[in-house]
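Good morning, and thank you for coming.

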Amino acid sequence: MIALFISAFVTFFVVIDPPGCAPIFASLTAGAPAQHRRNMAIRSVMVASCILFAFALGGKPFLRSMGVSLEAFKVAGGIMLFLIALEMVFEKRTERRESRVQDVKSSPVEHDDISIFPMGIPMIAGPGSIASAMLLCSRVENWYDRGVVLAAMTAILIITLISLLLAGPLMKLLGTRLEAMITRVLGVILAALATQFVIDGIKASFRI
């Protein structure tokens with residue numbers, strides 16, 4: 001039981017990467033009030049949890065019934081993530097936020113809801129974490145071992161929530177200029193990660 005928990009814990013930690021999600025979350029919620037950041041952090045993890053638990057318990061039958069392969073899911077997730085990366089690199093979000101302020105001067109600015117997309121999916125509940133949840137649960141033969149896998153996944157989701165809640169204050173200490181630089185660098189990394197998702201999906205589909 002302990003070996004299974006440690007194996008699942010390490011797998012989910014590497015795939016979900018809670019420390020890596022924190023600066024990306026801070027960049028996507030830059031300029032938002034603290035309460036908005038907290039709400040987005042909690043909602044992002046809740047959305048990701050629902051998705052991961054759903055796929056862990058019934059993902060394969062669902063995708064099979066829809067005629068969708070995991071490889072196709074990787075390609076779609078990679079394309080969506082690449083679009084977000086482009087916005088981070090070229091600061092399209094900043095431009096959109098400034099134009100919104102000019103258009104709605106008399107009312108408070110509504111900040112983007114990034115809890116479902118891209119934080120909930122595909123950042124936290126991405127193709128890798130969804131595949132890991134389905135594969136780890138499909139390997140075990142009884143519900144007790146499956147519960148151990150789900151407990152490991154829950155522990156990683158809690159760690160992810162803590163990292164997102166602490167992301168704002170940490171990034172605020174860095175300053176605006178350094179945060180903008182980090183945002184661009186993370187955007188490039190996200191673009192590479194998204195491209196890798198697409199390449200992996202295509203390779204697996206055509207067995208290159």
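I shall begin with the chain as a whole and then turn to particular helices, loops and residues.

Please keep in mind throughout that this is a predicted model. The protein chain contains ten helices and zero strands. Read from the N terminus, its elements follow the order α-α-α-α-α-α-α-α-α-α. Of the 208 residues in the protein chain, 39% are buried. The accessible surface amounts to about 11400 Å², and carbon and sulfur atoms account for 68% of that surface. As for contacts between residues at least 6 apart in sequence, 85% of them join residues at least 24 apart.

Let me turn to helix packing. Two packed helices are described by the angle between their axes and the distance between the axes. With that in mind, we may look at helix α7, which covers residues 127-139, and at two of its partners.

The partner I take up now is helix α4, residues 70-90. How far apart are the axes of α4 and α7, and at what angle do the helices pack? The axes are 9 Å apart and the angle is about 155°. Angles over 145 degrees count as roughly antiparallel, and α4 is therefore roughly antiparallel to α7. On the α4 side, the contact involves L70, F73 and K74, and these meet P127, I130, A131 and M134 of α7. Sorted by class, this contact of α4 with α7 has six nonpolar residues, no polar residues and one charged residue.

The other partner is helix α3, which spans residues 34-66. Here the axes of α3 and α7 come within 8 Å and cross at roughly 75°. Since angles of 65 to 115 degrees count as roughly perpendicular, α3 is described as roughly perpendicular to α7. From α3, the residues in the contact are I51, L52, F55, A56, G59, K60 and L63, while α7 contributes S129, I130, A133, M134, L135, C137 and S138. By class, the contact of α3 with α7 divides into ten nonpolar, three polar and one charged residues.

S132 is placed in helix α7. Is S132 buried or exposed? Its relative accessibility is 11%, and S132 therefore counts as buried. Leaving aside residues up to four places away in sequence, S132 touches T11, F12 and V15.

I now move to helix α6, residues 115-124. Eight of its ten residues are buried, so α6 is largely enclosed by the rest of the structure. The buried residues are S115, P118, M119, G120, I121, P122, M123 and I124. Where in the backbone of this region do we find cis peptide bonds? A cis peptide bond joins F117 and P118, with omega of about 10°, and P118 is placed in helix α6. Another cis peptide bond joins I121 and P122, with omega of about 15°, and P122 too has its place in helix α6.

Next, the salt bridge. The count for this model comes to one. D113 forms a salt bridge with R43, and the closest N and O atoms are 3.1 Å apart. D113 lies in the loop between α5 and α6, whereas R43 lies in helix α3, so the pair ties together parts that are 70 residues apart in sequence. How accessible are the two partners? D113 is partly exposed, at 43% relative accessibility, and R43 is partly exposed as well, with a relative accessible area of 37%.

Finally, two loop residues. T29 lies in the loop between α2 and α3. With a relative accessible area of 2%, T29 is buried. When residues up to four places away in sequence are not counted, T29 touches R37 and I114. D17 lies in the loop between α1 and α2. Although D17 is not a glycine, its phi is positive, at about 55°. D17 is partly exposed, with a relative accessible area of 33%.

Thank you for your attention.

Terms used: Residues numbered from 1 in each chain as written. Predicted model: local features only at pLDDT ≥ 70, side-chain atom pairs only at ≥ 80, totals over all residues. Heavy atoms only, no water. Axes fitted to C-alpha atoms, helices over the stretch in contact; angles between N-to-C directions. Helix = DSSP H or I, 4+ residues; strand = E, 2+ residues; numbered from the N terminus. Parallel < 35°, antiparallel > 145°, perpendicular 65-115°, else oblique. Contact = heavy atoms within 4.5 Å. Nonpolar A, V, L, I, M, F, W, Y, C, P; charged D, E, K, R; others polar. Buried < 20%, exposed > 50% of the residue type's maximum accessible area, 1.4 Å probe, protein only. Areas by Shrake-Rupley, 256 points an atom, 1.4 Å probe, with all protein chains shown as cover. Salt bridge = Lys/Arg side-chain N within 4 Å of Asp/Glu carboxyl O.
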